[in-house]
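Please prepare a short briefing on the fold and the side-chain contacts of the model shown here. Longer sentences are welcome, provided that each term comes with its cut-offs.

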Amino acid sequence: MHKFLFSDLEDTPTVIDYLEVQSYEMNVYLVYLTVKDRSGMVYDKKGKPMRFFSTGHIREAFAHCSVAVSYTHLRAHET
């Protein structure tokens, strides 16, 4: 699995083939990406999975990117 560093993505327009939002905890989301032939989670500068605190936060973070397909996976307690 590839590690996408958020610092590499945040200022670079990127074509994202697939973006999946995964519910981690209440109001904490992780992002899984596929870019070309690489797939993996988005990580922060400390090497930990990047935590997003709302879907709006994710939309803003990737607004400069072109996303072909997106999917949101919510846990049962959030539906």
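K36 is placed in the loop between β3 and β4, where helices (H or I, at least four residues) and strands (E, at least two) are DSSP runs numbered from the N terminus. Its phi is near 55°, a positive value in a residue other than glycine, and K36 is exposed, with a relative accessible area of 73%; exposed means over 50% relative accessible area, buried under 20% and partly exposed in between, with a 1.4 Å probe and protein chains only. This is a predicted model, in which local features need pLDDT of at least 70 and side-chain atom pairs count only at pLDDT 80 or more, while totals for chains, interfaces and linings use all residues. Residues are numbered from 1 along each chain as its sequence is written, and side-chain values use heavy atoms, with hydrogens and water left out.

**Backbone**

- A positive phi of about 65° is also found at N27, although N27 is not a glycine.
- N27 belongs to the loop between β2 (15-25) and β3 (28-35), and with a relative accessible area of 45% it is partly exposed.

**Sheet**

- The open sheet is formed by five strands in the order β1-β4-β3-β2-β5, with mixed pairing, where two strands pair if DSSP finds at least two bridges between them.
- β1 (4-5) and β5 stand at the edges with a single partner strand each, so one side of each is left without a neighbour in the sheet.
- Seven bridges join β2 and β3 in the antiparallel sense, and E20 stands opposite Y32 in β3.

**Aromatic rings and a charge over a ring**

- There are three aromatic pairs in the structure; rings of Phe, Tyr and Trp (its six-membered ring) pair if their centres lie within 6.5 Å, and planes under 30 degrees apart count as stacked, over 60 as edge-to-face and the rest as tilted.
- The pair of F6 and F62 is edge-to-face, because the ring centres are 6.2 Å apart and the planes stand at 75°.
- This pair links distant parts of the chain, since F6 is in helix α1 (residues 6-9) and F62 is in the loop between α2 (55-61) and β5 (66-73), 56 residues apart; both F6 and F62 are buried.
- F52 and F62 form a tilted pair, with 6.1 Å from centre to centre and 45° between the planes.
- F52 lies in the loop between β4 (38-43) and α2, and F62 in the loop between α2 and β5, so their pair ties together parts that are 10 residues apart in sequence.
- F52 is buried, as is F62, and F6, F52 and F62 form one aromatic cluster.
- K3 lies over the face of Y43, at 4.7 Å from the ring centre; a charge sits over a ring if NZ of Lys or CZ of Arg is within 6 Å of the ring centre and within 35 degrees of the ring normal.

- C65, found in the loop between α2 and β5, counts as buried at 11% relative accessibility.
- Leaving aside its neighbours within four places in sequence, C65 is in contact (heavy atoms within 4.5 Å) with T12, T14 and I16.
- T34 is placed in strand β3 and is buried, with a relative accessible area of 16%.
- The side chains of T34 and S39 are joined by a polar contact of 2.8 Å, meaning a pair of N or O atoms within 3.5 Å; within protein, one must be able to donate a hydrogen and the other to accept it, and residues adjacent in sequence count only if both atoms are side-chain atoms.
- Apart from neighbours within four places in sequence, T34 is in contact with I16, D17, Y18 and S39.
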